[in-house]
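Here are some friendly notes to read alongside the model. Keep the structure open and look up each place as it comes.

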Amino acid sequence: MSQASPQPRLRLEPWNDPASVPYIRLLEVSKSFAGQTAVDRVTLDIYKGEFFSLLGPSGCGKTTLLRMLAGFEQPERGRIEIDGADMSAVPPYRRPVNMMFQSYALFPHMSVAQNIAFGLKQDGIRKQEIATRVEEMLALVRMEGLGGRRPHQLSGGQRQRVALARALVKRPKLLLLDEPLAALDKRLREHTQFELVSIQERLGITFVIVTHDQEEAMTVSTRMAVMDQGRIRQLGVPAEVYEFPASRFVAEFVGDVNVFEGRVVRSERDGTLIHAPAAGTHVFIDRGHDVAEGAACAVAFRPEKLALALEPPAERAVNVIEGTVFDIGYLGDMSIYHVKAASGAMVRVALANRLRLVERPITWEDRVWISWAPGAGVVLLS
Amino acid sequence: MSARDGLSPFGVTALTLGFAFLYLPIVILVIFSFNESRLVTVWAGFSTRWYVALFQNQQIIDAAMVTLRVALLSSTIATILGTLAGLALARFARFRGRTLFTGMIYAPLVMPEVITGLSLLLLFVSLDWDRGYWTVTLAHATFSMAYVAVIVQSRLVGFDRSLEEAAMDLGAPPLKTFLVVTLPLIAPALLAGWLLAFTLSLDDLVIASFTSGPGATTLPMRIYSQVRLGVTPEINAISTILIAIVAVGVSLATLTQKRQLVRRRREEALARRA
């Protein structure tokens, strides 16, 4: 991961507190289009003040879920509640929800200020108050003095900020963001992610963001739901989802991973031993799993959790793969080593480039030993 | 393509021939409208006497007023109806009989005018309506609304629906959304449709001949009936005026559009650099 980890946040974890009441509830929500299931019995609780991510590949149903929260699509079955109120019969223009669109959807025939004022005008708010609140919003997104511009006179980043201001000005109970940063270049995107988090924390509005970019989801979210084929595959705080993926799909979608098929040799309370012929080794993982001996499973390793050495590690028969360096991908801050194991499998190892390139000891065709700590791997049963 | 590509001898010849073919008849008509002589084909010196005569010809002026009134009202009706039809065609993507409906909207575009005129005449006769100003207006609205529908529909195909969703998301009910977001954004198509309908009504001779009655003679009908008695320089004069009006209108529209486009491009480039 090249991404800096999010700043530590001083917030409670309402999802771990049985007494807290969810702010947004989805109960067994399903939706299909022309016979194709888009969202399949999704049940989800989101708490007040959360920055919640829906993450998944395109077509996984995350956008449909978002559009159902906004009211643009009606669930076929199930129920959506926002702050205790059932939303089934509430049209989009009466929901306490605002959305920031992927295309930004700024009204091209209105100025920036008119775009931001649009929502307030629909509520019949007095002109003076509208003007004050529009100014507040322009200040919040650092667009002071640009209220008179038309959308086509703005850069991509400025348009994105106007879209955010327009969606926030009504102080919705819930703000939906549909791939809000997809149109920005990488540097601006990373900067904006932190800005979004800081705005969200300042206003205390609940955010639900849809993204296919796992780095983005991990950077901004309090919790994230990884979706595939209309279902939530895993739900948790970003570190949990990354470190303990529940399935092969999640492990492979969130971050980079090496996966080896194997069989359970022994599983006890404090550890699991797996024989992974593809890796040519036995793997010991320091977590117990409730599985039968001989059961098929897979083990997953993040490339950055593996160590690479030119010498075999002393006195160890497990958690070691011997191989040769097949290729090195130099990324600047780190390098990805592709090591061909004796069994023929290719293993990816990520090493931080603490030394300069010329001083690195391991290079192409070197015979190497990959090793890892018992806590580095994860057993995947599905 | 640069302008220099057009300077080859072949290009120059092709251009000259093409434009001569298109504009020679009109140029001759304009020149002879300033002819002193009563004979259309013999040049006898420059004069504006036929223009003076024109403005003293009450029949022509009456016909011009009828035409103008018919064109204004019929193009407005056609724009409203055509916009509604265009909206239905572009928006309700999957209703039953959509293909049939689309075909039926397009049919008047290819239907021979004689048939449209005749069928409208039969309708008015069977309804026992007196033919005149109102029947011509209705007939013109009927055939020109198809053109408006096509223009509006093509504009809506490229319309970003998320703009309407954004308006509703911000609290505007559907009708309000249509009025403050959709309508202003498709206004150029509506204007283009209106102008086309207006021009079609102004030009029309065949359908007007079928559906008009006493006291509602349009300018093309008047010109045609006078020409049958022999072409006079007066006809050339009225034609020249019509050409001038159309030319000025088209040039203004094109220039404004081009100016706006250039300004917009410049502003977009500025925004990108910022």
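How many bridges join strand β11 (residues 258–268) of chain A to strand β12 (residues 271–276) of chain A, and do they run parallel or antiparallel?

1. **A strand pair to begin with.** β11 and β12 of chain A are joined by 5 bridges, and the two strands run antiparallel. To find the pairing on screen, look for A:Glu268, which stands opposite A:Gly271 in β12(A). Please remember throughout that this is a predicted model.

2. **The sheet around that pair.** These strands belong to an open sheet of 5 strands in chain A, with the order β13-β12-β11-β14-β20 and antiparallel pairing. At its edges are β13 (281–285) and β20 (377–380) of chain A, each of which pairs on one side only. From one strand to the next, the twist averages 40°.

3. **Chain A as a whole.** Step back now and take in the chain. Its secondary structure comes to 8 helices and 20 strands. The C-alpha trace of chain A spans about 80 × 50 × 40 Å along its principal axes. Of the 382 residues in chain A, 39% are buried. Among the contacts in chain A with a separation of 6 or more, 65% are between residues 24 or more positions apart.

4. **An enclosed strand.** Is strand β3 (residues 51–55) of chain A largely enclosed or open? It is largely enclosed by the rest of the structure, because 5 of its 5 residues are buried. Both faces are covered: A:Phe51, A:Ser53 and A:Leu55 are buried on one side, and A:Phe52 and A:Leu54 are buried on the other.

5. β3(A) runs parallel to strand β8 (residues 206–211) of chain A, and 5 bridges join the two. Within this pairing, A:Phe52 stands opposite A:Val208 in β8(A). β3(A) also pairs in the parallel sense with strand β9 (residues 223–228) of chain A, over 4 bridges. There, A:Ser53 stands opposite A:Met224 in β9(A).

6. **A mostly covered helix.** Helix α2 (residues 112–122) of chain A has 8 of its 11 residues buried, leaving the helix mostly covered. The buried ones are A:Val112, A:Ala113, A:Asn115, A:Ile116, A:Ala117, A:Phe118, A:Gly119 and A:Leu120. Their cover includes β6 (97–100), α3 (127–140) and α4 (156–168) of chain A. Just after α2(A) comes A:Gly124, with a positive phi of about 65°.

7. **Two backbone angles to check.** Most residues other than glycine have a negative phi. A:Arg41 is not a glycine, yet has a positive phi of about 45°. A:Arg41 is found in strand β2 (residues 36–46) of chain A, and with 15 other C-beta atoms within 10 Å it is partly exposed. A:Glu179 is not a glycine either, and its phi is positive at about 40°. This residue is in the loop between β7 (174–178) and α5 (186–203) of chain A. A:Glu179 counts as buried because 20 other C-beta atoms lie within 10 Å, and 20 or more is the cut-off for that class.

8. **A helix pair in chain B.** Two packed helices are described by the angle between their axes and the distance between the axes. Helix α4 (residues 98–110) and helix α6 (residues 133–157) of chain B pack at an angle of about 120°, with their axes 8 Å apart. That angle makes α4(B) oblique to α6(B). Their crossing is left-handed. B:Ile105, B:Tyr106, B:Pro108 and B:Leu109 in α4(B) meet B:Phe143, B:Ala146, B:Tyr147 and B:Ala149 in α6(B). By class, the residues of this contact are 8 nonpolar, no polar and no charged.

9. **An exposed residue.** B:Val52 is in helix α2 (residues 49–56) of chain B. B:Val52 counts as exposed because it has 11 C-beta neighbours inside 10 Å. Its C-alpha atom is separated by 34 Å from that of B:Ala192, 140 residues apart along the chain.

10. **Where the chains meet.** The contact takes 19 residues from chain A and 21 residues from chain B. On the side of chain B that touches chain A, α7 (161–169), α8 (174–203) and α11 (233–273) of chain B are the elements that give two or more residues. That side has 12 nonpolar, 2 polar and 7 charged residues.

Technical notes:
Residues are numbered from 1 along each chain as its sequence is written. Chains are lettered from A and ligands numbered from 1 in the order in which they are written. This is a predicted model: local features need pLDDT of at least 70, side-chain atom pairs count only at pLDDT 80 or more; totals for chains, interfaces and linings use all residues. Two residues are in contact if their C-beta atoms, placed from the backbone, lie within 7 Å. Ala, Val, Leu, Ile, Met, Phe, Trp, Tyr, Cys and Pro count as nonpolar, Asp, Glu, Lys and Arg as charged, and the others, Gly among them, as polar. A residue is buried if 20 or more other C-beta atoms lie within 10 Å of its own, exposed if 12 or fewer, and partly exposed in between; C-beta atoms are placed from the backbone. Axes are lines fitted to C-alpha atoms, for helices over the stretch in contact, and angles run from 0 to 180 degrees between N-to-C directions. Angles under 35 degrees count as roughly parallel, over 145 as roughly antiparallel, 65 to 115 as roughly perpendicular and the rest as oblique. A crossing is left-handed if the near helix is turned anticlockwise from the far one by less than a right angle, and right-handed if clockwise. Two strands pair if DSSP finds at least two bridges between them.
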